[in-house]
Amino acid sequence: MRKLIYYWLAAVLAILINIGSQWAFVMTFGQSDTMVITSVLVGTITGFLAKYILDKVLVFEVAFEASGEEVRQFFFYGVTGVITTLIFWGTELGFHIAFEQEVMRYVGGVVGLCVGYCLKFVLDSMFVFRK
């Protein structure tokens, strides 16, 4: 149970980093379609890196290593992330298209991230941070 609580605390922090990065990006560079898409990519990268570090250290309690195991973990974390990122992007951009409001795009992003993180916890437990 502790692992699951920590996982969701890490998820909330990663969501705040992701959505916050997107918001800061569009506030800085504007709301054009190109900037919105770019902001989603910026949020994805910042959220992904933060979530990897939090999951590895806080949730799964795995030390960083200077070895092939570190590369393997990061690779498989990325592979599982591709699947869940598609859920996140589809939901966020679907809300953006359907509602045509900035706030609803962020709502869609949070919904997509939550759904994706549910799946990612299972995948990461099975394939990435297995002991």
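Is Glu-61 buried, partly exposed or exposed, and what is its relative accessible area? I looked it up: Glu-61 is partly exposed, at 47% relative accessible area. Buried is under 20%, exposed is over 50%, and partly exposed is in between, with a 1.4 Å probe and protein chains only.

Ground rules before going on. I am working on a predicted model, where local features need pLDDT of at least 70 and side-chain atom pairs count only at pLDDT 80 or more, while totals for chains, interfaces and linings use all residues. Residues are numbered from 1 along each chain as its sequence is written, and side-chain values use heavy atoms, with hydrogens and water left out.

**Loops**

I found Glu-61 in the loop between α2 and α3. For the element names, helices are DSSP runs of H or I with at least four residues, strands are runs of E with at least two, and numbering goes from the N terminus. Phi of Glu-61 is positive, near 50°, and the residue is not glycine. I noted that because most residues other than glycine have a negative phi. Then I went to Glu-100, in the loop between α3 and α4. Its phi is also positive, about 50°. Glu-100 is exposed, with a relative accessible area of 69%.

**Cysteines**

I counted disulfides, taking a pair of cysteine sulfur atoms within 2.5 Å as one, and got 0. Cys-114 is in no disulfide, and its nearest cysteine sulfur belongs to Cys-118, 7.1 Å away. Cys-114 sits in helix α4, residues 102-128. I asked what Cys-114 touches beyond its neighbours within four places in sequence, and got Trp-8 and Ile-15; contact here means heavy atoms within 4.5 Å. I also checked Cys-114 against Phe-99, 15 residues apart along the chain, and their C-alpha atoms are separated by 20 Å.

**Ser-21**

Ser-21 is in helix α1, residues 2-29. It counts as buried, at 18% relative accessibility. Its side chain makes a polar contact with the side chain of Thr-46 at 3.0 Å. A polar contact is a pair of N or O atoms within 3.5 Å; within protein, one must be able to donate a hydrogen and the other to accept it, and residues adjacent in sequence count only if both atoms are side-chain atoms. Leaving out residues up to four places away in sequence, Ser-21 touches Leu-16, Val-42, Gly-43 and Thr-46.

**Thr-91**

Thr-91 lies in helix α3. I followed its side chain to the backbone oxygen of Ile-87, at 2.8 Å. Beyond neighbours within four places in sequence, Thr-91 is in contact with Gly-108, Val-111 and Gly-112.

**Largest pocket**

The largest pocket holds about 170 Å³ of space. Of its 15 lining residues, the closest to the centre are Phe-48, Thr-84, Thr-85, Leu-113 and Tyr-117. A pocket is an open set of points on a 1 Å grid over the protein atoms alone, where a 1.4 Å probe fits, with protein on both sides within 12 Å along at least five of seven lines; lining residues have an atom within 4 Å of a point.

How values were computed: Grid points are joined across faces, edges and corners, and a volume is the space filled by probe spheres set on the points.
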